[in-house]
Amino acid sequence: MSKNKFVCIHGHFYQPPRENPWLNDVEVQDSAFPFHDWNERITAECYSRNSAARILDNAGRIAEIVNNYSRISFNFGPTLLHWMKCKAPEVYASILEADKESQKLFGGHGSAIAQSYNHLIMPLANTRDRDTQVIWGIRDFESRFHRKPEGMWLSETAVNTETLETLAKYGIKFTILSPYQAKSVRKIGTEKWTDVVGAKIDPRNAYLCKLPSGKKINLFFYDGPISQGIAFEGLLNNGRVFADRLVGQLDLNDETNKPQIMHIATDGETYGHHHRFGEMGLSYCLHSIESRADVNLTVYGQFMEKFPPAYEVQILENTAWSSTPNLERWMDNGGGNTGGHPDWHQKWRKPLREAFDWLREKLIPVYEEEMGSFVDDPWQVRNDYIEVILDRSYQNVSAFIKKHTAHELSRSNKIKFLKLLEIQHHTMLMYTSCGWFFDEVTGIETMQDILYAARAIQLAKDITGKDLEPQFLELLSKVPSNLPEYGDAAQAYNKFVKPSIVDIHRVGAHYAVSSLFTDYPEQSRIYSFNVKSDHFELYEAGKQSLAIGRALLTSEVTLEEEDFTFAVLHLGDHHLFGGVRQFDSNTAFTSMRNEIVGAFQKSRVHEAVVLMDKHFGTHNYSFWHLFKDDQKKILNQVLTQTMDHIETTFREIYENNYSILQAMKELNIEPPKPLKYTGDYSVSQNLHRILEEDEIDIRELRKITESINNLSVDVDKVTLNYLAGERINHMMLELNEEPEHMELMKKIVRFIQATKHVQLEPDLWRAQNLAFLIHRQHFKNHEWDKDSGNKMSEQWCQLLANIFEELNIRVAEDSLVPHM
């Protein structure tokens, strides 16, 4: 029986940074509906689910819940983890916990490895950027996992010798490459090299790569066919088949018992996002392998320690896992595409990179000269800047500046110091690889990179007074689009990027306008800006309202601040007139306030508007100057009355024509689309209302069920499933806080049953996790009391069993203790 045969599954979990460069936050993305944005959606579909993946019994019920991350090798993009820590802290914590658990399983070696910081293509970066990417990736990893990383994932596995030198320079022991990136191998101690070009390398070995500097690094080349098979052959549809396919690549009958590691590497999003329930296929695969006596799961660090490489390898220079040779996908037209538009060209890739390279080179002397007036080594300061990116608290930022400067800086110089570092931050972000991966320059990923470039240009202008935008636009005009309506990237810049550029004054305008609809406390936060309200008044007269105030706005990123005054007039709907200006004096503010308030209170709206022009001049703002999330929120508020009227009208049409619709159904005649839509909308809204009620109206629910069955009404299942899932989650969270609340337990059962009556399929993933948690913490005590004759405990156990039944969890006593 073999003891030296191992399996390792690596997941590369990554999303490109999506933050608005001026706000340091992800704005609403409608294409991710019903979620706020794509990070949130993919977290729900993949990252969270792998932290609590299901293993099902033969009847398809949940038998066990496991954390996949603890038994695979994985890396997460640092910018994604930064978002997750703030927006999905439970998932974030489960990832960190999995790494601790894996160290117990794999001889002290953790399942997590690091990643070069923001996923730029390392061989195409200059030497300084390569260094900073590795340094930031390591320090980000250390700050989260509290240990040094053994390995580092290279973006797109893009590699050359200089990149491997950089990894080795900073203590990285190994990286993972595609088998197509190997050039030749030889057994250590021999002279003859064997050509392995074309993926002929044996992926079951670890390899040593000797570098020109004298340093060394270990390389693992994943199994290409099986990695591809996960995406295209349906291996995740059956975890046992998946496991057998992996184990089948090992020489289990090898009499020499030669050490082998069968390993694959794929995008982590394969497990749940690209393939629904893929995380369950993965969990069962791992479970199947663990149940075997002839094969063990491992991670790269453990295998490397147990079995140092017996072979040496040379790499093919400038290659990646998803590109033709010479990294053309990120620098030229011939680099392939996603296949969605085979007639499109990628002639935009080369001139886009040239535009970015031009901007980077223009900004290097700006940074060196200006930062050189504060510090001896500007590039060392940039390497250390990750300390600030990880913690932008005022105390930490102040300590960082003090640590790196010889003397106390004035406030204006502190702002300049931070802006210089943000220039460098954004010139690296603009190289994020996704900007070149897809087929069209005006795609969201490429425009995001151009947004980062625009932010760097703005910051440079703040410092030098020189505007690089005209020259940058001239270069973008040479970047052709496949879409005639854009023509080139310069036109797309003017349409998409230019309106997104904001300054601190614009943030103040957002605060002013949104104060009409949001009850801000004295201290509040607008994205990455802190706001202190010094004065605020709100006046209302029917549908009209007026807000007047003064506030201090401070950027947590650059420390720049503005003391501003404002007046905003709302005339109803989305009609807004606002003025914002820098605070001048108490006298000027009082005069402005008295004049505008006086006109408003006398119902002289036109006069109030004229006075706003007088006091604020060209600094006028409206609804269009709100940031996207608040635009959507406020539009929903002002449209409430309109939507209520639409719903009433639609319901009346639907009810008046119910019998006609029924007759058409019986005669198998398709109803006119406008008439059918009134029914779909009315029933959806009615069901929406019922699901939000404290107690389900069974009578109304039956009527809806009849409509769905008798009239083939199509309800809005995307929205309703999401709403129902959130409602069940909320009740389960309540039950977790009050586990003895048996009336709530009954209500949960009734609610889930009600969703089934109307053919909804809410996401029960989180509710199932909470049910397992409640069982683990409280079931044993109630079971003992029940066995002692306690009727209340007997009822509690039965109610929990009912919840388990509705949540599709196996109720057998020996399987209710989860493994999380």
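1. A friendly start at a surface spot: Met643 sits in helix α23 (residues 640–656), where helices are DSSP runs of H or I with at least four residues, strands are runs of E with at least two, and both are numbered from the N terminus. At 36% relative accessibility, Met643 is partly exposed (buried means under 20% relative accessible area, exposed over 50%, partly exposed in between, with a 1.4 Å probe and protein chains only). Together with Leu635 and Leu639, Met643 makes a nonpolar surface patch of about 210 Å². Patches take residues with over 30% relative accessible area and no salt bridge, joining like charges within 9 Å and nonpolar side chains (Val, Leu, Ile, Met, Phe, Trp, Tyr) within 5 Å; the areas come from the Shrake-Rupley method with a 1.4 Å probe, and for residues only the protein chains shown count as cover.

2. A word on the basis: this is a predicted model, in which local features need pLDDT of at least 70 and side-chain atom pairs count only at pLDDT 80 or more, while totals for chains, interfaces and linings use all residues. Residues are numbered from 1 along each chain as its sequence is written, and side-chain values use heavy atoms, without hydrogens or water.

3. Do have a look at helix α20. Its buried residues are Ala588, Phe589, Met592, Ile596, Val597, Ala599 and Phe600. They share one side of α20, because they cover an arc of only 160° around the axis, taken from the directions from the helix axis to the C-beta atoms. The face turned away from that side carries the exposed Asn586, Thr587 and Gln601. Cover for the buried residues includes β16 (529–541), β17 (544–555) and α21 (605–616). Just after α20, Ser603 takes a positive phi of about 60°.

4. Gln424, in helix α14 (residues 411–429), is buried at a relative accessible area of 3%. Beyond its neighbours within four places in sequence, Gln424 is in contact (heavy atoms within 4.5 Å) with Leu363, Tyr367, Trp379 and Arg382.

5. Now the salt bridges, each a side-chain nitrogen of Lys or Arg within 4 Å of a carboxyl oxygen of Asp or Glu: the count is 52. Arg144 pairs with Asp140, their closest N and O atoms 2.8 Å apart. Both are buried and lie in helix α4 (residues 127–145), 4 residues apart.

6. Another salt bridge joins Asp251 and Arg204 (3.2 Å, N to O). Asp251 lies in the loop between α7 (239–247) and β12 (260–267) and Arg204 in the loop between β9 (194–195) and β10 (206–210), so the pair ties together parts 47 residues apart in sequence.
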